[in-house]
Every structure is written in structure tokens, then in C-alpha cells.
Amino acid sequence: MTAPVKTLCPYCGVGCGLEVLPPALPGKTTSRDDQGNLLWRVRGDRDHPSSKGQVCVKGATIASSLDKDRLLHPMMRDRLDEPFRQVSWEEALERIVTQIKTVQLTQGPEAICMYGSGQFQTEDYYTAQKLLKGCIGTNNFDANSRLCMSSAVAGYIQSFGSDGPPTCYDDLEQTDCAFLIGTNTAECHPIVFNRLRKHHKGNRKVKMIVVDPRRTPTAAAADLHLAIRPGTDMHLLNGIAHLLMRWGMYDGLFVDECTQGFPEYSAVIEHYPPELVARECGIRLDELEQAARYWGKSERVLSLWSMGVNQSSEGTAKVRTIINLHLMTGNIGKPGAGPFSLTGQPNAMGGREAGGLAHILPGYRLVKNPEHRSAVEQVWQVPPGSIADQPGLSAWEMIEGLEQGQVGLFWVAATNPAVSMPDLERTKAALLKSPFTICQDAYYPTETAAYAHVLLPAAQFGEKTGTMTNSERVVTLCQAFRPPVGEARADWEIFAEVGRRLGFTSQFAAQSAAEVYDEFVSLTRDRLCDMTGLSHGRLAELGPVQWPFPAPSAAVPSLRDETGEESPSSPPEVRQPRRLYESLEFATPDKRARFAAFHAKGLAEPPNPDYPFVLTTGRLYGHWHTQSRTGRIPKTAEMHPKPFLEVHPKDAEKIGLSPEGWVEVISPRGRARLAVKVTPAIAPGTVFMPMHWGFLWADGAEVNALTHPEACPISLEPELKACAVRLVAIAPQ
Ligand code: SF4
């Protein structure tokens, strides 16, 4: 009998383990996708510690996406109004290398940008960092994590001295009170929600608070749903702290011994009396008091959040203010308690570990730190000073660079900015100005491919072996179970080949993803995310492992020796999932966590007489981001066939929108035409639109035609969650 291949679901940051079996076995029935391709059989991996055999509809149907609309060969064209022509890898790579050299000479390395993705495996991320930051000489690598998690990254670094969620999924089953803010976990991280919900249902003493302007399936399961007005999160968080302070429900000993900055924070929260906060948030006073009581009376509070907090012009302030509540009440470093950001992409965490944003380097290092740059340059074997000392361009800054003609080469890999960036008309106009865009993807067509000069076919899920880290810091070896289709190659191999052709042969000498991984983990030594005890071989042997996982002693630098064989040295003990900061010592120089003192600022674009509604955006259970996969899978596509706008019945009546009608949504930047969904689940004055539809799937109904790029000044994460709009009833389209 064929043994299943172990891998990871390539969708969200929950990171559910999968087992894959070949499509046809003698005597067994098998099935085909709607194009007649044999389907691999996929099931949940019961041995995976994060998911324990569970999968949602996306993981369960992943096999149907493997052979649909795949990009099989490199393609090129000179102008965007020409059709693509198939070319050899040799021709495509030489064209790219020539363009890199030309741009380096004429505009400088800072005119080269790469925009990557949490769909990368860690080995892809790491190789891209070396190519851009170490060899080409620009820190202009950013990933779609900038639109997703960068506020959480900044919040952790500033509050604790290092990035890294301190909690684990076991905390879902050990908490007394789950505080979910800005996360529709039931739809967007379903298996995390299943674990929490089971614990919550089985114990009446366990409380669940959900903060969301919509009555989502997550909110419907809560003991207390705080339907605050969009943009009032900071009022709410400071208001809860005010009440805890007033009632003496805080942990003075923890505050004294483990933190800094409490007096300044206390001075801020004085300004948030409950009556004012309830009024600002649009909730009842007793609801606010109940939330504070749940926090104050619970031994263990676990906060969960995702895009509703991060995608904000005050995203870092919100993250730090959530962490403030944990510091104030001593809710960290113990089972069932702590702040827990849920990552969107399957390997956004691996990207952070590998340095996959414009301001960071592998091993949770910072580009601004000279010691950090030097440590990385030594391992990369590049001359001192090769890594630029300032952060590169963030995702939106790359779009601005294109607008201003400052970018000579824009390389997009495994992501779809022509759908996911804010202010799409501006984004598309900027992409049209790009003199040379490379689009490296598994699928064709995509919206971004329409703006590309070169298409590079990438191997995807199941076609390459590498690692991914999920939201609870569990690293899984994702094993290939079939060869890449057509001429597709692993992303890291493409980056390495370009590096070698630029003359960096020793830097890109690795022959396998396992060798790339060995080099990457060497850069985690003695860092918070120490993974020096890991290798592909060890992960295959042990199964998924949570970091930190250091090598057993400094004398054993790696478990793979020069011959590539596994070292006979004694293996590190297999650890159970555990929390960071259990010692109550943080990663700051004095080991104390930092309180932050932020006042509420509100939305960057509040509603006004011309645009009287707040549009909020989000995700649906069956779809994933811009639908490159889920739009091609009949089951998930049928679950959510078209976009819609949720409107409260009172607002629908006011505007003259009928339940089966259509609406034009207009913001200061653009418009979208789509069907109306009248529902009391959305608060009056707020409307909701899902984010999954680009022009390939629903032309003229793109949510990001409406959103704006105003970003958090610390994390540079745009406020994709809210903008001001007006509504006009239109005839069905
Ligand atoms: Fe995949 Fe996320 Fe669903 Fe798990 S919860 S199966 S990781 S999409």
C-alpha cells in the first residue's frame, strides 16, 4: 500500500497538515476534475499537532486546483499590447539578467523591486533575500504580508523586543476568556475556530468576546458581541483598560517586575471614561462594562486578531494597545493567555523568519542594525557593506516608485497585486508605466499577468519540497508528491539561477532546498527563532516542530554534515508546543516588556456628507484571496459565485435598494457595481464587501477600486479595512 505524503495546506496561516495519496490505486475508484485530470486524494493529517486531522473546504478541495490553467512555459513580449510568445528558460533568464544589469548601471540597484508572497516556502523567501539584499544590493523586497501582518510584526518588536507570536493553539483549549477583535475566525481561520469553539461550548465558564462591526458567524457564537463603529477599536481597548484600572483589576506585581512605561499608559487611559467610550464606539455602557469584567475576572485571557486590527492607519498602535491589556493583567507567558495574531498566508511566519520584508533580515534581524547586517553578510559570503543600511520600499511604496518612473524592474512572484493593492485604478496605472515587469506564478491568466513583460512558470503546492511555519510557530516539511507541470520550477531555483547568472556562483551553490534550509537555520542561531536543531531530514523524522528548536549544543552546528548525511550527534529532545516568555523575561535589553501610550485617532477617511457610509472589507469561507486557486475549483467557486454588498435594511430603504437589486458603490477613488445583500448582520451606516474578485472574475466589481492607501506610519500597512463611500441604486447588470 502506498504511504501518504505529508504536507501542509497551502491556503491560510492555520497551517493544517495534509496527507496526499496518488490518484489511482488498483481496484479503487478515483475521480477527475472538470477538465478530466485525475485527482490526487487529499485528507487531513491526524498526526499534525496544529490541526489533528481537520481541514476546511479549501484544504479538502485543493487537489482540484493542481492542473487548472497552469502556466507551463516561460513567455515573453516586448510591449503590453502584444500577445505573449513562448520562449525557452535560457532566453527568459538572459533577458532578465540583462535588464537587471542595465537597471543597476543606469538607475542603480534601488530601481529593482521584488514583491513576493506568504505562498512562498521559507527556502524561496530566503533565496530571494540573498539575491536582492545581498547580491543585487537593494532592500526592495516586500511581500503581501505587508498588507496582512506587518502591524503585528511592528507591535511585537516594539512591545517585546522581538517579532513572534508568544502563544500556541493549545491555548485555545486552555483559556478562560477569548477576546477576538478584528477577526472573523470562523470563516477565515476555520480550524482554529473549531478548536476554540469546542472548548467554549464544553465549558460554560469560558467566555468569548467578539469585537466586529458585522455579526459574522464568529460573532454569532460569542457570549458578548461588541459591534463597534469601524475605527473605534482604540477607544474600546483604552476604555476597557480604564475600567480595569478603576476597579483595581490589574496585576500590579507583574507590571512592577516585568514591564516599563505603565505611568505614561495610565495617563492616557484616564482620558477614556466608559460613558465617552461607549458613545464613540456606538455600543451600550453595560456591554463595555461586561467586556472589562470578563477580562478582569478571568485568570487566562487569550486575544486573537487578524486583518481587522492590522489593516489600519493606526495598526501598530492597535496591536500594542491589545498587548497593553495583556501586560496590565499579567496575561502572558502562561497557558491559555497571551496576544495571538493569526497570520493570513500559509507561510507569512516563515517569511518573517527568513527576512521577507523590506526592513528585516533572516533570523528576526533588522536591516538598520549594523551587527545584524554583518552577521548576514558573513553567511552570504558577500563583502561588508553589501546590504544597504536602510529599509527598502514597502509594497505601496513600490507602486509609488512605478508611478514616479523610479522603478526599472518590478518582479512579482506568487501574488496578485492587480487585485489586492489598495486604490486599484492608481495601482493599474502605475503597473502600466513599468518598463519591465516579471510575473512568476503557477497560474495563467491572472490579473497581474496582464501587466507583465515576462511570465515565469512556478512550481506550486505538491511540486516542490520545502518548509512553512504556521501562526503558532510550528514548522512543517511540505513534501513534493509529483513533479512540476510543464517547465515550471521552484521559486528558489529561479532566484538562484538568476543569482548565478549575475556572477554569484558560490552564493547560490545549493543543490537542493534542504541545503538552502540548512544555511537559513544557521542564521537563526541564538535568536528568539532559533531553529538550528532542524533540517529537512529532522523534520521528516520528527514531523512538525514548533520553534524555538536549537541544536543541542554549540558543538553541533548542524545536523547535516559536509557530505549531506545526517549527523550521528544526539538529536535534540522533541519539545511540546510551548509559549514564548514563560520565564517572564522579554527580548528587550532590560528583559522588560514595554507599555505603549497611544490615543485613538480613528479612520484615515471617516464618512462625510459626500460619502456617508463606511465600507469595510473581508473574506468569505470558501474563497482564498484573489481566487487564483479557489475561483478555479467548482465547489468553492459555486459557494460564492459573485461579489455582493451587505447593507442594513434601514439603509437599503433609505437609498431605495431592493433585496434583489444592484448598487453602485462610489468612493473618492473609484466605483464598483454589484448585487445587494440586505441583512441586519451589518450595522446601519456601515456596508461590507468581500475582497476576492478582480477583473478576471467580476469586472467592475473590485473592492480595491474603492479603498485607499493611507497606511500605519510604523508598519506601513495600508488601511484596506475601511474607506468612505456613497451608494446609488442601479438597474441589475
Ligand atoms: Fe487550509 Fe486554513 Fe482551511 Fe486549514 S483552515 S484547511 S490551513 S484553509
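**Entry 1: overall make-up**

I counted 24 helices and 28 strands in the protein chain. Helices here are DSSP runs of H or I with at least four residues, strands are runs of E with at least two, and both are numbered from the N terminus. I am working from a predicted model, in which local features need pLDDT of at least 70, side-chain atom pairs count only at pLDDT 80 or more, and totals for chains, interfaces and linings use all residues. Residues are numbered from 1 along each chain as its sequence is written.

I looked up the overall dimensions next. The C-alpha trace of the protein chain spans about 65 × 65 × 65 Å along its principal axes.

Of the 733 residues, 59% count as buried. I call a residue buried if 20 or more other C-beta atoms lie within 10 Å of its own, exposed if 12 or fewer, and partly exposed in between, with C-beta atoms placed from the backbone. I also checked contacts, meaning pairs of residues whose C-beta atoms, placed from the backbone, lie within 7 Å. Among contacts between residues at least 6 apart in sequence, 74% join residues at least 24 apart.

**Entry 2: the ligand shell**

I found 14 residues around the ligand, and the closest are Cys9, Cys12, Cys16, Cys56 and Gly59. I sorted the shell into 9 nonpolar, 4 polar and 1 charged. In that sorting Ala, Val, Leu, Ile, Met, Phe, Trp, Tyr, Cys and Pro count as nonpolar, Asp, Glu, Lys and Arg as charged, and the others, Gly among them, as polar.

I asked how many residues of strand β9 (residues 207-211) are buried. The count is 5 of the 5, so β9 is largely enclosed by the rest of the structure. Lys207, Ile209 and Val211 point one way from β9, Met208 and Val210 point the other way, and all are buried.

I then followed the pairing, for which DSSP must find at least two bridges between two strands. Strand β8 (residues 177-181) runs parallel to β9, joined by 5 bridges, and Ala178 has Met208 as its bridge partner in β9. Strand β10 (residues 224-226) also runs parallel to β9, with 3 bridges, and Val210 stands opposite His225 in β10.

**Entry 3: an open sheet**

I traced an open sheet of 3 strands in the order β19-β20-β21, with antiparallel pairing. Its edge strands are β19 (466-469) and β21 (545-546), each of which pairs on one side only. Strand β20 (residues 474-478) and β21 pair over 2 bridges in the antiparallel sense, and Val474 stands opposite Gln546 in β21.

I looked at helix α14 (residues 315-328), which has 14 residues and reaches 20 Å from its first C-alpha to its last, close to the 20 Å expected at 1.5 Å a residue. The expected span is 1.5 Å times one less than the number of residues. In α14, 14 of the 14 residues are buried, so the helix is largely enclosed by the rest of the structure. Gly330 follows α14 and has a positive phi, near 65 degrees.

Helix α20 (residues 491-501) is mostly covered, with 8 of its 11 residues buried. Trp492, Ile494 and Phe495 are among them. The cover over these buried residues includes α2 (89-106), α3 (122-136), β16 and α21 (513-522). Gly503 follows α20 with a positive phi, near 105 degrees.

**Entry 4: two single residues**

I checked Val412, which lies in strand β16 (residues 409-413). Val412 counts as buried because it has 27 C-beta neighbours inside 10 Å. Not counting residues up to four places away in sequence, Val412 touches several residues, including Tyr115, Pro417 and Cys439.

I also checked Gln86, which lies in strand β5 (residues 85-86). Is Gln86 buried or partly exposed? Gln86 is partly exposed, with 13 other C-beta atoms within 10 Å. Leaving aside neighbours within four places in sequence, Gln86 is in contact with His73 and Met75.

Key
Near = placed C-beta within 6 Å. Contact = placed C-beta atoms within 7 Å.
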